[in-house]
Amino acid sequence: MKVTETIRILLVKRGNMSEAELGRRIGMTPQNFNRKMRNEFFSVADLEKISKALDCKLNISFTFNDTGETSSC
């Protein structure tokens, strides 16, 4: 699942918060946040801020394509 899809699902689960509101909560303009959503371009720092704003835990992992083995960071 793409990062933006996950963020949109989390927004719905948090009471239909708008993308613009999430952007403001993490210190971005709604326009800048929208650009990041369109381009799927989030830094780890951005994702950490998003997880804090949505009161959830961020988990990042690597998964080998050939074996499916996952390694969490």
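In this text, contact means that heavy atoms lie within 4.5 Å of each other. The structure is a predicted model, in which local features need pLDDT of at least 70 and side-chain atom pairs count only at pLDDT 80 or more, while totals for chains, interfaces and linings use all residues. Residues are numbered from 1 along each chain as its sequence is written, and side-chain values use heavy atoms, with hydrogens and water left out.

The protein has 4 helices and 2 strands, where helices (H or I, at least four residues) and strands (E, at least two) are DSSP runs numbered from the N terminus. Read from the N terminus on, these elements follow the order α-α-α-α-β-β, and the C-alpha trace spans about 40 × 25 × 20 Å along its principal axes. Of the 73 residues, 23% are buried, a word that here stands for under 20% relative accessible area, with exposed meaning over 50% and partly exposed the range in between (1.4 Å probe, protein chains only). Among the contacts with a separation of 6 or more, 36% are between residues 24 or more positions apart.

The buried residues of helix 1 are Thr4, Ile7 and Leu11. They lie on the same side of helix 1, because the arc they cover around the axis is only 60°, the arc being that of the directions from the helix axis to the C-beta atoms. The cover over these buried residues includes helix 2 (19-25), helix 3 and helix 4, whereas the face turned away from the buried side carries the exposed residues Val12 and Lys13. Just after helix 1, glycine 15 takes a positive phi of about 85°.

Threonine 4, which lies in helix 1 (residues 3-13), counts as buried because its relative accessibility is 5%. Leaving out residues up to four places away in sequence, threonine 4 touches Met37, Glu40 and Phe42. With glutamate 40 there is also a polar contact of 2.3 Å between the two side chains; such a contact is a pair of N or O atoms within 3.5 Å, of which, within protein, one must be able to donate a hydrogen and the other to accept it, and residues adjacent in sequence count only if both atoms are side-chain atoms.

Glutamate 40 itself belongs to the loop between helix 3 (30-39) and helix 4, and it is partly exposed because its relative accessible area is 32%. Phi of glutamate 40 is near 55°, a positive value in a residue other than glycine. Aspartate 55 likewise has a positive phi of about 55° although it is not a glycine; aspartate 55 is found in the loop between helix 4 and strand 1 (61-63) and counts as exposed, because its relative accessibility is 64%.

Alanine 53 lies in helix 4 and is partly exposed, since its relative accessible area is 23%. Apart from its neighbours within four places in sequence, alanine 53 is in contact with Leu22, Arg25 and Ile26. From C-alpha to C-alpha, alanine 53 and glutamate 21 are 10 Å apart in space, although 32 residues apart in sequence.
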